[in-house]
Amino acid sequence: MRIKEAIADDLSIPEGLINEALSVAHAHVKKFRVRKKSGGDREIYHPSKKLKTIQYWLMYSVFNRMSVHDASMAYREGISILHNANKHRSNRFFLKMDLENFFPSISFSDFSPILKEWHDAVRPEWVLNAEAEKLIRSVCFYKDDRLAIGYPSSPVISNIVMREFDSKVTALIADERYGKVIYTRYADDLVLSTNKKGACKEIYKEIIALIKETKSPDVRVNHSKTRFGSSTGGTASVTGLKRCTSGHITIHKKQKDHIRLLLSLYRKGLLDPEEEASLLGHLSYCHYVVPDFYTKISKKYFKEIYDLRTKDL
């Protein structure tokens, strides 16, 4: 069966709609820019509804059936930044590295051999021929056949392509010469932790060497975001969360203060609807990640939190 037939049958749509979506796949992609915290802009791409529908079919019928490494913490059902932070809660010394322009560094040529290997092993009902490869490339890759920030399918494809890299990093630390090292990757954030003092600098050298020799995908380190840290006598940050010396995971003081400020302003009727929605998001995040802090602020702002949660924003 051709892949277009499989998609049309599963979605109960005529094949002509798929052809129509493919004919304007890139022409109907909306582009907009968002300001980055570090300065400058990030370009976001929003596919058409028809294109997005095909992406979701590929995600659920193909990509979610392909293997990713256990060290990959992002974009996986049932796994969050809290799980990522908890992996490192028993270690004292940390190395954090950031991969530059992560999604655009991954191309269809990186993904294609992995797709072929999976198809040969699983043998789904549709044939992986030139037509199928062209469809997947057109639907899920954009400028220069690279992953686009904003495409629903980009995160899962990135995890699939990074599986071999994650395996190589895991192999580097397997012999415990740097202590019992924990490695996780949350999208473009690499975190390695150990209890062996001074080991992180040696691990860093090995990771840099590995990245230099890795040609697929062609990832690069954003050296300005590389951080060495220790929780000895203080705290350490892991993917936006704070690990205390006791191993307790919480959020940063600035974020707590910001939430308290928003609640105080809401009590005074000084928040607009957009800010109220943002506050509700912060509260939901806290409820899941730091329930003890959520309980504490709930005692003081019970009425305000109740109003927000029952309000139609």
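## A pair within helix α13

Phe-302 and Tyr-306 are both found in helix α13 (residues 302-310), where they stand four residues apart, about one turn of the helix. Both residues belong to a predicted model, in which Phe-302 is exposed and Tyr-306 is exposed as well.

## Aromatic pairs in the model

A pair of aromatic rings is described by two quantities, the distance of the centres and the angle of the planes. With ring centres required to lie within 6.5 Å, the count comes to eleven aromatic pairs. One of them joins Phe-111 and Phe-141, whose rings are 6.2 Å apart centre to centre with 40° between the planes, an arrangement that counts as tilted. Because Phe-111 lies in helix α5 (residues 108-122) while Phe-141 lies in the loop between α6 (130-140) and α7 (154-161), this pair ties together parts that are 30 residues apart in sequence.

Phe-111 is buried, its relative accessible area being 0%, and Phe-141 likewise counts as buried at 0% relative accessibility. For Phe-302 and Tyr-306, the ring centres are 6.5 Å apart and the planes meet at 15°, so this pair is stacked; the angle falls in the class of planes under 30 degrees apart.

## The cluster around Phe-111

Phe-111 and Phe-141 also belong, together with Phe-63 and Phe-108, to one aromatic cluster.

Notes. Residues numbered from 1 in each chain as written. Predicted model: local features only at pLDDT ≥ 70, side-chain atom pairs only at ≥ 80, totals over all residues. Heavy atoms only, no water. Phe/Tyr/Trp six-rings, centres within 6.5 Å; stacked < 30°, edge-to-face > 60°. Helix = DSSP H or I, 4+ residues; strand = E, 2+ residues; numbered from the N terminus. Buried < 20%, exposed > 50% of the residue type's maximum accessible area, 1.4 Å probe, protein only.
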